[in-house]
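Dear colleague,

My notes on it follow directly after.

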Amino acid sequence: MTEEADFIAAAVSEFHDQGFVLLRSVVSTELIDKLRRLVERRFHEATQLCDDELDLVRDVSIMRMFEYDPAFREIMLIEPVYTIIERILGPDFHMISQNALRTPRGNGVVKWHIDDALFFPFLDQLPAPTTGSDPLPCFSLNMMLALSDIEEQRFGPTQIVAGSHRFGRVPEHSATLQQGFMATSILAAGGDIYIVNSQTWHRGAQNESDRIRYILTTAYGRRFISQRFYPFLNYCMPSDVIVGASDRLLRLLGLHEKGPYG
Ligand SMILES: O=C(O)CCC(=O)C(=O)O
């Protein structure tokens, strides 16, 4: 195997084992600075909009960043992350959302949760899987790109409970982790990417600093997981997003072969 193939195989294995994997220094500082500036501009533009259009911003989350600038679409194609995700989700996966999180002091998505429905509720009735057993299938995940340095607890890192994607339970929806479980803080520098299984217990710790914390979250799912582009029913992707896109990007945006059901 080449060094890159080894790296990809190890990342996929770590993801299945721990419910997340952290990849260091994937994106250049220049691109990170550009993306952060774009998020800041989008935030200020969006908060000037009238009520009807304000659907773009929900608390710390600014939605559908892929509409805003080609740089957000390029991030979806970055290697080796694309290949790692393809190995996990299979060849026809697509993007289900892309949000920028802009978290000032005192804020954060602080309650423990999983994303999506609980896919394997029966697991808590079964004996714990033995080491080396086949990994559970993963149906959806979130690729999180740090757009600022979050290398200390006070900057509000993402926290996860390692291995919780196998619990077959959801966490108590509270800012305090229930007894008997251990949180791991993902201390990241700008340009680091971590990929988190939608079933893994996670949250964003509160930002206790004056440094605004920025993360770009791009969630992906297998084809049967629906895309979540608000307002859902009448969502129409702006034509400039699609013009000139490669086949790979078009598929990530939601263009698929015809198949069962349609
Ligand atoms: O802010 C974070 O680190 C976590 C965000 C989160 O939990 C989510 O987007 O589902």
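This is a predicted model: local features need pLDDT of at least 70, side-chain atom pairs count only at pLDDT 80 or more; totals for chains, interfaces and linings use all residues.

Residues are numbered from 1 along each chain as its sequence is written, and side-chain values use heavy atoms, with hydrogens and water left out.

Helix H1 (residues 3-18) packs against helix H4 (residues 81-89) at an angle of about 50°, and their axes are 10 Å apart. H1 is therefore oblique to H4 (angles under 35 degrees count as roughly parallel, over 145 as roughly antiparallel, 65 to 115 as roughly perpendicular and the rest as oblique). The crossing of the two helices, H1 and H4, is right-handed. On the H1 side, Phe 7, Ile 8, Ala 11, Val 12, Phe 15 and His 16 meet Thr 83, Ile 84, Arg 87 and Ile 88 of H4, contact meaning heavy atoms within 4.5 Å. The residues of this contact between H1 and H4 comprise 7 nonpolar, 2 polar and 1 charged.

Strand E8 (residues 193-197) is largely enclosed by the rest of the structure, because 5 of its 5 residues are buried (under 20% relative accessible area, with a 1.4 Å probe and protein chains only). Ile 193, Ile 195 and Asn 197 point one way from E8, and Tyr 194 and Val 196 point the other way.

E8 runs antiparallel to strand E1 (residues 20-23), joined by 4 bridges, and antiparallel to strand E5 (residues 140-146), joined by 5 bridges. Val 196 in E8 is the bridge partner of Phe 20 and also of Asn 142.

Yours sincerely

Technical notes:
Axes are lines fitted to C-alpha atoms, for helices over the stretch in contact, and angles run from 0 to 180 degrees between N-to-C directions. A crossing is left-handed if the near helix is turned anticlockwise from the far one by less than a right angle, and right-handed if clockwise. Ala, Val, Leu, Ile, Met, Phe, Trp, Tyr, Cys and Pro count as nonpolar, Asp, Glu, Lys and Arg as charged, and the others, Gly among them, as polar. Buried means under 20% relative accessible area, exposed over 50%, partly exposed in between (1.4 Å probe, protein chains only). Two strands pair if DSSP finds at least two bridges between them.
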